[in-house]
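Hi there,

Here is the structure I promised to pass on to you.

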Amino acid sequence: MGDVGLGRGNVVLEQKFSVESIRAFLKSKTSYDVLPVSYRLIVLDTSLLVKKSLNVLLQNNIVSAPLWDAKTSRFAGLLTSSDFINVIQYYFSNPDKFELVDKLQLDGLKEIERAIGVEPIDTASIHPARPLYEACIKMMNSTSRRIPLIDQDEDTHREIVVSVLTQYRILKFVALNCRETHLLRRPIGELNIVTEKEVASCRMTTPVIDVIQLLSQGNVASIPIVDDEGHLINVYEAVDVLGLIKGGIYNDLSLSVGEALMRRSDDFEGVYTCTKNDKLSTIMDHIRKSRVHRFFVVDEDGKLTGVLTLSDILRYILLGETGS
Amino acid sequence: MNGSAAVSSSGTGSSSERHHRHHHHRHHHHGQGNGHSQQNLLADGSHIGNYQIVKTLGEGSFGKVKLAYHITTGQKVALKIINKKVLAKSDMQGRIEREISYLRLLRHPHIIKLYDVIKSKDEIIMVIEYAGNELFDYIVQRDKMSEEEARRFFQQIISAVEYCHRHKIVHRDLKPENLLLDEHLNVKIADFGLSNIMTDGNFLKTSCGSPNYAAPEVISGKLYAGPEVDVWSSGVILYVMLCRRLPFDDESIPVLFKNISNGVYTLPKFLSEGAAGLIKRMLIVNPLNRISILEIMQDDWFKVGLPTYLIPPELKQQEQEQQQQQEQHDDGTKNNSEEIDDELVTALSKTMGYDRDEIYESLESRDRTSVLNEIREAYMLIKENKSLIKDLKSDRDRSDELDTFLAQSPPTFQQRGDQNLPPVPPLQLQSSPQQHQPNVSRKIATQQRAYNVAPFNDTNNEEDSTISILPTSLPQIHRANMLAQGLPAASKISPLVNKKSKTRWHFGIRSRSYPLDVMGEIYIALKNLGAQWAKPSEEDLWTIRVRWKYDVGQNHNERIPDLMKMVIQLFQIETNNYLVDFKFDGWESSSGEVAHNPNLSEDEMSTFSAYPFLHLTTRLIMELAVNSQGG
């Protein structure tokens with residue numbers, strides 16, 4: 001397969017071939033195929049207090065959980081870090097409502113979200129037997145970057161939350177199972193998949209509440225932190241919000257983002273950087289090996305030029321290379 | 001438990017969740033305990049390794065403490081038995097064991113020595129120096145302690161604390177129980193370094209609810225507890241020695257907390273100006289304004305009669321430099337690099353199990369990877385141990401004490417070193433402009449100790465990859481950078497520790513009540529909830545078959561089964577200990593129509609959604625809890 005040095009043209013062809021075969025692979029598999037033989041699923045009842053749900057997430061080292069409404073006996077959406085961001089913003093603009101925030105139950109999030117005018121809790125879902133490709137398309141259109149798998153039992157027609165698929169899990173599944181990812185050798189700079197303009201960034205001294213606002217306004221999962229010259233220093237992630245407000249302490253909102261990041265657990269693996277010359281083959285390799293969610297694109301001096309997220313990669317695999 | 005439910009992917013689950021709190025009973029760790037151990041392995045009179053267990057000395061917050069003696073030498077030791085279950089982050093067992101090995105290198109005449117670590121399947125047994133008395137018993141027995149006598153104890157305490165801080169270990173729990181005395185009236189501090197390792201870092205819970213020695217930032221629940229907290233506690237200890245009472249004491253805990261937080265206490269008139277001044281600077285509420293350990297060591301009242309061996313190398317170095325500057329102005333350029341001591345390398349490879357080449361590599365390279373740093377730190381530690389002994393020896397008027405320190409030394413590598421001291425390598429002093437530099441870098445190095453670099457070497461022949469991890473984004477480096485900027489607030493923020501969930505999973509619920517009473521409770525609860533049950537048969541009084549309307553007010557389709565069936569059964573686990581098990585048993589339709597197949601197999605049962613079952617079981621358990629509280 002193109003071992004002979006036929007040069008660039010060959011690389012381009014192989015890339016196209018590779019994307020097409022990955023796409024065919026996604027169409028041939030179901031979400032169910034992605035599930036491991038045994039796994040753990042944590043589902044939260046909607047009558048649980050928001051602050052308790054935060055502890056459950058942190059204790060179990062997870063960042064989201066499907067919700068269950070026992071009154072209707074139905075799946076009630078996905079709790080994610082953006083819900084906590086909404087609560088923070090609500091509290092920040094209505095500090096007098098502390099009581100309310102403290103006693104807020106998960107089923108009360110809707111009102112908060114209505115009050116600050118953001119999208120309500122994500123309720124998109126898919127049946128586990130549908131093609132994986134379909135799950136990916138549906139996931140791309142949802143804000144939470146993940147999709148719950150919901151089944152129904154045959155006799156009582158009641159819903160069963162089977163699992164939640166994330167972009168990371170799907171891309172890792174692809175990286176593990178598709179040898180064709182090795183043929184993705186075009187530099188990412190050529191593919192027009194890197195978000196370059198409109199990457200919101202902040203400084204180490206920016207108040208964390210402003211950064212949280214940037215996350216929510218841009219509907220992004222991370223905000224890069226740069227210095228005066230534009231060198232990338234660190235990144236604030238939406239999931240960092242969980243640690244920030246642990247224990248219901250909202251006082252910490254006056255901190256700078258640099259201070260807020262001092263709460264990050266020592267287990268944090270670090271921010272991944274790459275350049276526009278890197279290839280998806282190596283990127284997929286990293287996805288296979290470590291829990292990486294995005295790559296920040298820097299130039300030779302370490303200045304931030306863009307970001308490549310898992311959504312960008314997934315979108316490219318699903319919809320890219322369709323032209324001539 | 002209301003609301004949070006978890007299911008395994010297999011779907012069926014007749015389990016309910018219960019939270020278990022660990023109750024720790026903290027006694028004096030050298031007090032009398034009731035020495036009955038359930039494990040034969042650790043019973044009195046039995047052997048562990050080379051130690052014969054004599055009796056239980058007490059129970060610490062991390063487990064039992066036993067008195068034992070070394071079989072061949074007869075040396076008394078204490079065995080601190082740590083149940084692995086109380087270790088923080090059980091998934092980081094390896095790291096914790098390394099930490100304990102690190103503690104083993106701590107050598108200071110006024111710190112209880114960790115001689116050895118014995119690991120068994122469920123326990124980590126720390127073989128520690130035995131000291132029979134408590135400083136505070138001594139204080140209480142005496143009418144009044146002179147300032148001279150108190151100062152001697154205080155100097156020993158501060159020197160030990162400084163030594164540990166220098167090696168990045170904060171005690172965090174200095175209090176009377178941890179201050180022991182040997183037969184020569186030397187202080188020995190116990191439990192250094194343990195607060196870092198153990199899950200149970202919660203002071204208020206573990207110290208008998210007596211926070212008298214805890215710093216304001218500790219009781220106010222600030223996550224950060226740095227070296228400043230040990231200064232505060234030492235200040236309280238000094239106060240107690242001099243005044244024979246606590247500076248902060250009140251029967252009402254809220255009042256006590258308020259006094260500590262506001263730093264409200266009184267100094268008796270009889271205190272000398274020097275002692276009072278020092279206490280005042282140690283008991284400053286704002287940790288940033290509080291005197292540091294090194295500043296204490298330079299305090300005039302403190303320095304009176306201070307033995308040389310208690311002066312940390314840093315201060316000694318300063319003094320020597322001053323002297324040198326006075327004596328000779330220029331002595332040519334000094335060699336900054338030190339020679340590596342072969343003896344130390346051997347010792348290090350023996351205690352920590354490092355490869356010799358690895359040690360040389362770590363000492364020679366400037367590489368900042370975690371493993372190399374760890375080795376370098378360990379080397380520095382044992383190097384200091386040696387120079388400490390040298391100081392002790394040169395302190396002629398203290399040669400008596402020296403014997404006692406050395407006599408206490410254990411059958412480990414150190415003893416060998418102690419008995420026939422190899423020539424101590426000449427300490428090459430660094431010139432003063434560079435003096436602070438190594439300290440800073442060493443600090444960063446320690447923070448990296450826990451960090452493991454992601455395995456990147458095996459990125460298959462992708463030489464052109466430019467993917468990397470941004471160093472400044474690593475939490476340890478970020479924190480060091482923030483602290484280097486000297487932001488006052490920054491020092492108070494500490495990283496989130498992902499504690500392992502303390503939730504344990506059980507089948508059903510447990511009860512110690514009389515079995516018929518338990519059954520009665522269940523029937524009452526079922527009745528209150530509107531469930532129906534079949535009359536139990538004579539042969540099987542302990543099984544209840546329940547039918548319960550699952551009304552979610554939504555499905556009006558009559559063909560959808562709406563009655564959930566459940567089997568509730570009482571089991572005996574052991575004498576006076578029963579278990580109520582809840583089991584899902586399929587669905588029925590209230591229209592009289594039986595769901596198509598009344599005899600479902602386990603497999604088919606698991607195709608049903610588990611949530612309605614979990615929901616109803618939760619309601620039943622909550623009802624049972626309410627009833628039992630009422631009764």
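Predicted model: local features only at pLDDT ≥ 70, side-chain atom pairs only at ≥ 80, totals over all residues.

**Chain A**

Chain A holds 13 helices and ten strands. Of its 324 residues, 56% are buried. I also looked at the contacts in chain A between residues at least 6 apart in sequence: 65% of these join residues at least 24 apart.

One helix to look at is α7(A), which spans residues 132-141. Its buried residues are Leu132(A), Tyr133(A), Ala135(A), Cys136(A), Met139(A) and Met140(A). If you look down the axis of α7(A), these buried residues fall within an arc of 160 degrees, so they line one face of the helix. What do they pack against? The partners are the helices α1 (8-28), α2 (31-34), α8 (167-177) and α13 (310-319), together with the strands β4 (146-152) and β5 (159-166), and they belong to chain A.

A disulfide is a covalent bond between the sulfur atoms of two cysteines. How many disulfides are there over all chains? The count comes to zero, taking a pair of cysteine sulfur atoms within 2.5 Å as the rule.

Elsewhere in chain A, have a look at Asn192(A), which has a positive phi of about 60 degrees although it is not a glycine. You will find Asn192(A) in the loop between α8 and α9 (208-218) of chain A. Is Asn192(A) buried or exposed? With a relative accessibility of 73%, Asn192(A) counts as exposed because the cut-off for that is over 50%.

**Chain B**

Lys80(B) belongs to strand β6(B), residues 76-83. Its relative accessible area is 5%, so Lys80(B) counts as buried, the limit being under 20%.

Next comes an open sheet of three strands in chain B, with the order β9-β10-β11 and antiparallel pairing. The edges of this sheet are β9(B) (133-134) and β11(B) (187-189); each has a single partner strand, so one side of each lacks a neighbour in the sheet. Three bridges link β10(B) (residues 179-181) with β11(B), and in β11(B) Val187(B) is the bridge partner of Leu181(B). Helix α3(B) (residues 147-166) packs on the sheet, where it touches β10(B) and β11(B), and its direction makes about 30 degrees with that of β11(B).

The loop between β10 and β11 of chain B contains Leu185(B). Leu185(B) is not a glycine, yet it has a positive phi of about 60 degrees. At 30% relative accessibility, Leu185(B) counts as partly exposed.

Further along chain B, β16(B) (residues 543-549) runs antiparallel to β17(B) (residues 563-574), and seven bridges join the two. Within that pairing, Lys549(B) has Leu563(B) in β17(B) as its bridge partner. Strand β17(B) is also joined to β18(B) (residues 577-588), again antiparallel, through ten bridges. Here the bridge partner of Met566(B) is Phe584(B) in β18(B). The hairpin of β17(B) and β18(B) has two residues between the strands, and in this hairpin Asn576(B) takes a positive phi near 60 degrees.

How values were computed
Residues numbered from 1 in each chain as written. Chains lettered and ligands numbered in written order. Heavy atoms only, no water. Helix = DSSP H or I, 4+ residues; strand = E, 2+ residues; numbered from the N terminus. Buried < 20%, exposed > 50% of the residue type's maximum accessible area, 1.4 Å probe, protein only. Pairing = 2+ DSSP bridges. Contact = heavy atoms within 4.5 Å. Axes fitted to C-alpha atoms, helices over the stretch in contact; angles between N-to-C directions. Arc of directions from axis to C-beta.
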